[in-house]
Amino acid sequence: MAGNNPNSTPMNLTLKVWRQKNAKTPGQLVTYKVNDISPDMSFLEMFDVLNEDLLRQGQEPIAFDHDCREGICGMCSMYINGRAHGPEKGTTTCQLHMRKFKDGDTIVVEPWRANAFTVHKDLSVDRSALDRIQQAGGYVSVNTGGVPDANEIPIPKSIADKAFDAATCIQCGACVAACKNASAMLFLSAKVSQLAMLPQGKVERKTRVENMLAQHDAEGFGSCTNIGACAAECPVGISLENIAMLNREYIAAKVTSENIV
Amino acid sequence: MSWFTKALSSTIGRKLLVAITGLFLCSFLVVHLIGNLQLFSNDEGVAFNAYTYFMTHNPLIRAMEIILLIGFVLHIYEAWSLTRRNQSARSVQYAVNRPEENSAWSSRNMGLLGTVIFIFLLVHLYNFYFKLKFGEIGLDTAGNKNLYAITVEAFSHWWYVALYVISMVALALHLIHGFQSAFQTLGLNHKKYTPAIKAFGYFFSIVVCAGFAAMPLYFFFLY
Amino acid sequence: MILDAKIPEVVTLDAKIPDGPLAEKWEKHKFNVKLVNPANKRKYDIIIVGSGLAGASAAATLAELGYNVKVFCFQDSARRAHSIAAQGGINAAKNYQNDGDSVYRLFYDTIKGGDYRAREANVYRLAQVSVNIIDQCVAQGVPFAREYGGLLANRSFGGAQVSRTFYARGQTGQQLLLGAYSALNRQIAYGKVQMFPRTEMLDLVMVDGKARGIVTRHLVTGHIESHSAHAVVLATGGYGNVFYLSTNAMGSNTTAIWRAYKKGAFFGNPCFTQIHPTCIPVSGEYQSKLTLMSESLRNDGRVWVPKAKGDKRLAKDIPEDERDYFLERKYPAFGNLVPRDVASRNAKLACDEGRGVGSTGLAVYLDFSDAIKRDGLDKVSQKYGNLFEMYAKITGEDPYQTPMRIYPAVHYTMGGLWVDYNLMTTVPGLYAAGEANFSDHGANRLGASALMQGLADGYFVLPYTIGDYLAQMPAAKVTVDHPAFKEAETNVRATIQKLLSINGTKTVDEFHKELGLLMWDYCGMARNAEGLQYAKGKIQALRKEFWSNVKLYGVNEDMNQTIEKAGRVADFIELGELMVTDALHRNESCGGHFREEYQTPENEALRDDANFAYVAAWEYTGPDSEARLNKEPLAFENVKLTQRSYK
């Protein structure tokens with residue numbers, strides 16, 4: 001069927017995909033050929049085609065994570081040709097389209113690599129460490145009910161907008177994958193900044209940053225050395241300003257919090 | 001551990017130490033450079049040797065020397081321990097990786113650059129500081145130890161000049177990332193002044209390192 | 001006529017709606033429900049399947065109250081539930097804009113928008129608690145859009161003439177879900193919620209006629225396990241993926257509610273599906289899902305097609321007087337903001353007439369050039385920037401330059417497990433919340449109401465009504481050693497083994513695509529008896545073929561995505577048949593259910609209130625026998641049933 005673009009000639013590609021049985025077994029790159037790939041296909045649709053082929057040939061399909069396929073759930077996670085989520089800036093793997101590649105290209109696909117993210121299988125990794133960081137304090141401690149009217153506390157638009165920018169993080173882990181140090185600092189900083197900027201979150205800002213950083217470190221993520229690869233590869237454009245704010249929050253908390261242990 | 005040591009041994013705490021000591025070392029570079037500019041005073045080293053005497057005998061400077069040593073040790077130790085931690089955060093490497101698409105080479109190789117600078121520092125200290133302190137050194141016309149003569153001698157060897165120049169390039173790269181990075185670590189990142197910090201850091205790194213590199217080149221080619 | 005003969009005797013369902021005036025029902029009910037005393041709450045366990053808006057909010061709130069909660073989701077994190085993808089906003093009758101909104105107006109709009117097929121009492125309660133939801137979310141730190149004065153901003157949405165929609169750029173769903181997820185995380189940290197990600201519910205377990213637990217499969221290890229509780233909540237979302245192509249996430253499925261249906265929970269109005277008018281059109285056979293462009297785009301975008309059939313000129317080459325802005329022409333009062341079902345059907349009509357655009361002819365234009373001229377590029381990009389970006393990424397076209405091409409796609413299922421006023425299904429102790437229940441939206445949901453309903457159910461309804469149920473049952477636990485659990489586990493294992501052993505020639509996706517096409521062609525935007533009869537036969541045949549010719553790979557004890565898909569598609573096939581049965585029996589058109597035989601001369605849905613003002617609640621009677629129809633008559637005491645008009 002004709003695609004959206006007039007010049008959509010199908011492509012033949014070589015894929016080198018990381019195959020790994022489970023966390024305990026070492027993996028390796030395996031080469032596959034895929035033919036007649038439409039430039040209008042998404043990267044994951046190209047994987048669907050490959051998996052259907054493998055299955056029909058009696059081979060094991062490639063396990064990979066994906067769900068919403070519209071760039072918001074953060075589940076897809078492929079390291080494509082040496083880049084987290086592939087070559088297109090500000091784009092998740094599921095929103096990457098094959099028109100970004102050329103006929104005859106070889107594409108290497110690997111899972112996110114970090115010791116804090118163990119490989120479940122093939123391209124699927126365990127990112128529960130990111131959940132645990134949030135459980136350490138990424139919330140405002142309010143119960144359901146008994147809260148003030150939504151318009152009781154005005155929040156300057158500029159602050160609401162900045163908090164929103166931080167809140168757009170989709171928790172995909174590309175920052176960790178792209179970071180030389182496998183640090184989750186961009187993720188952590190987005191969460192800390194969002195709540196530290198809003199009046200509702202300010203109440204617990206000190207304990208929050210102390211506890212969340214402690215969890216980040218305990219999970220085995222590396223430290224931030226201000227390389228900036230995370231922000232450059234972040235599909236939703238979380239800014240390094242958040243890491244500066246995290247540092248500020250941390251310093252202020254350590255100097256002034258009541259927590260002396 | 002107390003809250004204090006705990007705070008400083010977290011990932012942010014350690015890099016905070018690296019940042020603070022780094023900026024402190026930058027200030028040392030400025031003092032060192034300004035002092036050493038007297039090498040260019042064209043008086044057969046009288047002024048330079050007098051300055052050397054002052055630097056080795058003023059009690060305040062002697063005290064600062066210890067602080068400087070602590071600064072170096074902390075900077076190196078904290079950076080080294082962070083690097084170790086960071087390396088162990090990813091034990092399986094990517095088969096194909098293209099970090100050049102998302103970050104500057106120098107920012108990813110601060111450890112390597114730091115190591116080059118560290119080796120240089122050892123050579124540099126051995127050649128000047130230790131000779132001055134513990135070696136047999138002749139006196140100049142004013143009766144001060146003639147470190148100037150040692151400098152002239154050292155910079156007559158091409159390989160020695162090359163080591164210095166290469167090391168200064170490494171230092172410049174180290175500073176280009178390190179200077180602005182320190183401000184980011186201290187939590188100072190704002191669209192109003194961050195571009196200025198970055199621009200100044202760039203200017204600072206080039207000027208300071210070019211200044212230092214000019215000394216061996218001057219003695220090798222022009223003296 | 002053959003149909004009527006097939007349907008066995010009808011049972012009338014009691015929705016347990018409290019007495020009294022509409023506006024006082026919920027208050028009165030909250031007073032009348034029994035409470036579990038605070039010290040006893042910790043003796044009760046509640047299972048919640050699904051971690052979206054409804055599931056996460058219910059879990060957090062129930063845990064705050066003191067119950068022990070176990071939450072299950074198939075994704076790797078609770079935050080990835082598909083609520084995350086909602087774009088436009090959430091309605092609330094705050095009347096912050098002073099434009100005449102009220103609880104009653106939101107109630108009225110929702111009932112009317114649903115084409116008078118929703119339960120008045122539920123909808124009124126929904127409108128009442130809508131105001132609390134916004135307060136709650138703001139307190140959690142949800143960064144809603146604000147005006148320069150610092151107060152909350154609102155926008156208008158389809159089917160309403162007031163601005164009551166709160167939003168967070170184009171990702172309100174993500175922001176609201178992150179709020180609920182943060183509340184959930186807090187309870188996980190306190191140890192009150194145990195979270196089970198990458199775990200799929202495969203069966204409901206009943207003991208003494210009550211829901212007492214579930215059987216799950218861990219999606220990484222294949223481990224099959226039982227969990228027991230005093231009550232089970234299904235908040236597993238909708239079943240739009242029965243159409244294969246929909247705006248749902250790839251993993252969204254019907255399995256949890258379908259297996260509950262097979263254990264005795266009635267299925268309400270399965271044929272009521274919403275086709276969203278503004279989605280990016282299909283580009284090829286490989287298409288795996290459809291992407292929605294928020295309905296909010298219709299605030300500023302103008303929908304048009306060429307006046308002439310088969311006009312293949314580029315949009316920019318078609319002069320103004322040769323364009324047909326068909327929504328504005330037909331519905332001058334609401335214009336481009338008519339409800340979703342109306343907008344979708346009109347787009348389909350235009351394409352059926354041969355006036356569709358793009359290479360497939362299955363698309364209409366959504367044009368922003370007038371908005372850009374009027375408000376400037378900046379303003380438009382501020383409002384819709386991320387949506388435009390997404391469109392450009394997917395299609396490779398720039399919507400600032402050329403009009404978007406859109407086409408309707410399956411988006412939401414109003415149908416779901418039948419629940420009473422307490423959100424309890426016909427199985428005691430089994431609740432359904434959010435899109436998983438047959439819900440408050442009748443035959444058509446208004447934009448920005450899904451988020452409202454999910455959070456209303458989770459934060460403000462279930463915590464009261466579950467307490468009422470638990471207060472009346474002993475705290476004694478049932479262990480997973482109970483024979484009912486063992487039997488369910490055995491069945492789950494046997495089904496998986498059966499699927500693995502077939503080793504046929506067709507992949508699960510092939511079956512799924514085939515089912516999807518049947519559903520889209522015969523049970524989609526327009527339906528007729530002949531087509532539905534045909535589809536029913538085809539689906540029955542497809543089911544037989546599936547169980548004799550499907551091809552999976554590998555073993556259960558592994559991360560095996562073919563098993564996941566196969567189980568879900570097996571259920572979709574059965575559900576598809578029930579949807580067709582339901583669509584066939586409902587001899588009227590209403591909301592998203594458009595039977596071609598029943599339409600006004602202007603092609604509007606023609607309801608039959610005398611015969612069909614009821615909820616069809618289908619009861620499972622066995623694998624090879626017809627489902628039994630039960631009815632919940634809908635009484636409209638507060639609104640007058642009228643022909644919906646958006647002219």
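Biologist: How many of the 647 residues of chain C count as buried, as a percentage?

Modeller: This is a predicted model, and in it 61% of the 647 residues of chain C count as buried. The secondary structure of that chain comes to 18 helices and 22 strands.

Biologist: What does the radius of gyration of chain C say about a compact globule?

Modeller: The rule gives a radius of gyration near 26 Å for a compact globule with 647 residues; chain C has 24 Å, so the value agrees with the rule. Along the principal axes, the C-alpha atoms of chain C fill a box of roughly 75 × 60 × 50 Å. Of the contacts in chain C with a separation of 6 or more, 74% are between residues 24 or more positions apart.

Biologist: Which residues have the most contacts inside the largest nonpolar core?

Modeller: In soluble globular proteins, nonpolar side chains tend to be buried together. Here the largest nonpolar core has 328 residues, and C:V233 and C:L417 have the most contacts inside it. Beyond its neighbours within four places in sequence, C:L417 is in contact with residues including C:L234, C:I257, C:Y261, C:F267 and C:F438. Another core, of five residues, lies apart from the largest one; B:L39, B:F48, B:Y51 and B:L147 are among its members.

Biologist: What is the phi of C:S439, and where is this residue found?

Modeller: Most residues other than glycine have a negative phi. C:S439 has a positive value, near 70°, and is found in the loop between β18 (430–432) and α13 (450–470) of chain C. C:A448 has its place in the loop between β18 and α13 of chain C, and its phi is likewise positive, near 70°.

Biologist: Are C:S439 and C:A448 buried or exposed?

Modeller: The cut-off for buried is 20 or more other C-beta atoms within 10 Å. C:S439 counts as buried because it has 34 C-beta neighbours inside 10 Å. C:A448 has 28 such neighbours, and therefore counts as buried.

Biologist: How many residues of chain A are in contact with chain B?

Modeller: There are 41 residues of chain A in contact with 35 residues of chain B. On the side of chain A that touches chain B, α9(A) gives the largest share, nine residues. By class, that side has 20 nonpolar, twelve polar and nine charged residues.

Biologist: Which of the two pairs of chains in contact share the most contacts?

Modeller: Chains A and C share the most. Chain B and chain C are joined by no contact, and their closest C-alpha atoms lie 20 Å apart.

Note on methods:
Residues are numbered from 1 along each chain as its sequence is written. Chains are lettered from A and ligands numbered from 1 in the order in which they are written. This is a predicted model: local features need pLDDT of at least 70, side-chain atom pairs count only at pLDDT 80 or more; totals for chains, interfaces and linings use all residues. A nonpolar core is a set of buried Ala, Val, Leu, Ile, Met, Phe, Trp, Tyr and Cys residues joined through C-beta atoms within 7 Å. A residue is buried if 20 or more other C-beta atoms lie within 10 Å of its own, exposed if 12 or fewer, and partly exposed in between; C-beta atoms are placed from the backbone. Two residues are in contact if their C-beta atoms, placed from the backbone, lie within 7 Å. Helices (H or I, at least four residues) and strands (E, at least two) are DSSP runs, numbered from the N terminus. Ala, Val, Leu, Ile, Met, Phe, Trp, Tyr, Cys and Pro count as nonpolar, Asp, Glu, Lys and Arg as charged, and the others, Gly among them, as polar. The radius of gyration is taken over C-alpha atoms; the globule rule is 2.2 Å times the number of residues to the power 0.38.
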